Amino acid sequence: MAGHDGLQPPGWRSNPSEWAQRLPIVALALVGAAIATYLAMFQYDLVATVWEPFFGDGSETVLASGLSNVLPISDGALGALSYLLDAVTGVIGGRARWRTMPWIVIVFGLAVGPLGAVSILLVIAQPVLYDAFCTLCLASALISLAMIGPAMDELLAACQFIRRERDAGHSAWQAFLGHSPGATAAAEPARATSGAVR
Amino acid sequence: MRRALPSLLVFVLGLWLMVAPSLLGYVGTAGETSDRLVGPLVAAVGFVAASAITRSVRWLNLAAAAWLVIGPWLVGVPTAAAVNSLVVGVLVGVLTPLGKPDPDRFGGGWRTLWKPERLAGRPE
């Protein structure tokens, strides 16, 4: 069971950088990337129609709307790139990356958070501006929301680590980069305090 | 998991708001616009709050609940929309404070970032 190998952050019952916690997020991100790529292919006329079981021509209305094409690349293409960034930053680093590579954890958290926020804005805009819903867009929004919780626990562990290093008199910047003393020697306090907190 | 239940119910209520204008027949009214705006927000906040680590975002839904209760009286909507909004708003308002997370699972939780004295494993 995770939590007794010295990899979990001090005061935590589990290790948020464990593969069992990260791989499901990566899988979600890859599914999201596949959906967004498909939608982008429709937007760039690489496929003629788009799968839409519930809302008639809703998907086509939404995907061809002005809001979807307000940026130099379509929102589908942007979504696909964001999901790929989530997947890549989700797999980089080992099982203690909350202290050995806090920077990648923070990039990961920053990539996951705004993607969810933008998804919700698009879900709100669809019916209000265009009187249309898009099944796969809703599915994509749900996927991006589902990644937020599991990503935020790792983000918190990395932020707590940087805070702890700074309070110990080390450079927060070095801690961010994973170069501070605690990055490799965090196992001892982890054992001592997790017992006490429990 | 039991602590996530109130947030998941709020998520379902948000989904209900998204479909209610069509099912209750007030499409094209101010009631529809209100529900189409607030529904996805309520659903998203409830869904994210179902994770213990981000449970705190649930408080955003108190603002949504307040709007659902008073909004219909301010903008004027069909009766069905007003009643639905009132009922959903009260339910969201009651469910939102429930399901307090256990911060000990996360080394003291988010507050440790601005209250470092609560941080586990902190050197003296």
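Helices (H or I, at least four residues) and strands (E, at least two) are DSSP runs, numbered from the N terminus. The crossing of α5(A) and α7(A) is left-handed, a term used if the near helix is turned anticlockwise from the far one by less than a right angle (right-handed if clockwise).

Now show the side chains at this crossing. On α5(A), the contact is made by A:Pro102, A:Val105, A:Ile106, A:Phe108, A:Gly109, A:Val112, A:Gly113 and A:Gly116. On α7(A), A:Ile148, A:Ala151, A:Met152, A:Glu154, A:Leu155, A:Ala158, A:Phe161 and A:Ile162 take part. Two residues are in contact if their C-beta atoms, placed from the backbone, lie within 7 Å. Coloured by class, the contact of α5(A) with α7(A) has twelve nonpolar, three polar and one charged residues. Nonpolar means Ala, Val, Leu, Ile, Met, Phe, Trp, Tyr, Cys and Pro; charged means Asp, Glu, Lys and Arg; the others, Gly among them, are polar.

A word on the model before moving on. It is a predicted model, in which local features need pLDDT of at least 70 and side-chain atom pairs count only at pLDDT 80 or more, while totals for chains, interfaces and linings use all residues. Residues are numbered from 1 along each chain as its sequence is written, and chains are lettered from A and ligands numbered from 1 in the order in which they are written.

Next, select A:Ile148, in helix α7 of chain A. Is A:Ile148 buried or exposed? A:Ile148 counts as buried because it has 23 C-beta neighbours inside 10 Å. The cut-offs are 20 or more other C-beta atoms within 10 Å of a residue's own for buried, 12 or fewer for exposed, and partly exposed in between, with C-beta atoms placed from the backbone. Leaving out residues up to four places away in sequence, A:Ile148 touches A:Val112, A:Gly113, A:Gly116, B:Val48 and B:Thr54. Two of the names in that list carry the letter of chain B.

Move to helix α3 (residues 75-91) of chain A, which has 17 residues. From its first C-alpha to its last, α3(A) reaches 24 Å, close to the 24 Å expected at 1.5 Å a residue; the expected span is 1.5 Å times one less than the number of residues. Its buried residues include A:Tyr83, A:Asp86 and A:Thr89. A:Leu85 is 27 residues from A:Val112 in sequence and 8.8 Å from it in space, C-alpha to C-alpha.

Then look at the backbone in two loops. Most residues other than glycine have a negative phi. A:Asp45, in the loop between α1 and α2 of chain A, has a positive phi of about 65° although it is not a glycine. With 7 C-beta neighbours inside 10 Å, A:Asp45 counts as exposed. A:Asp131, in the loop between α5 and α6 of chain A, also is not a glycine and has a positive phi of about 55°. A:Asp131 is partly exposed, with 14 other C-beta atoms within 10 Å.

Of the 198 residues in chain A, 48% are buried.

Finally, select chain B, with four helices and zero strands. The radius of gyration of chain B, taken over C-alpha atoms, is 17 Å, well over the 14 Å that the globule rule gives for 124 residues, so chain B is more spread out than a compact globule. That rule is 2.2 Å times the number of residues to the power 0.38. To see where the chains meet, show the 25 residues of chain B in contact with 27 residues of chain A. The chain B side divides into 14 nonpolar, seven polar and four charged residues.
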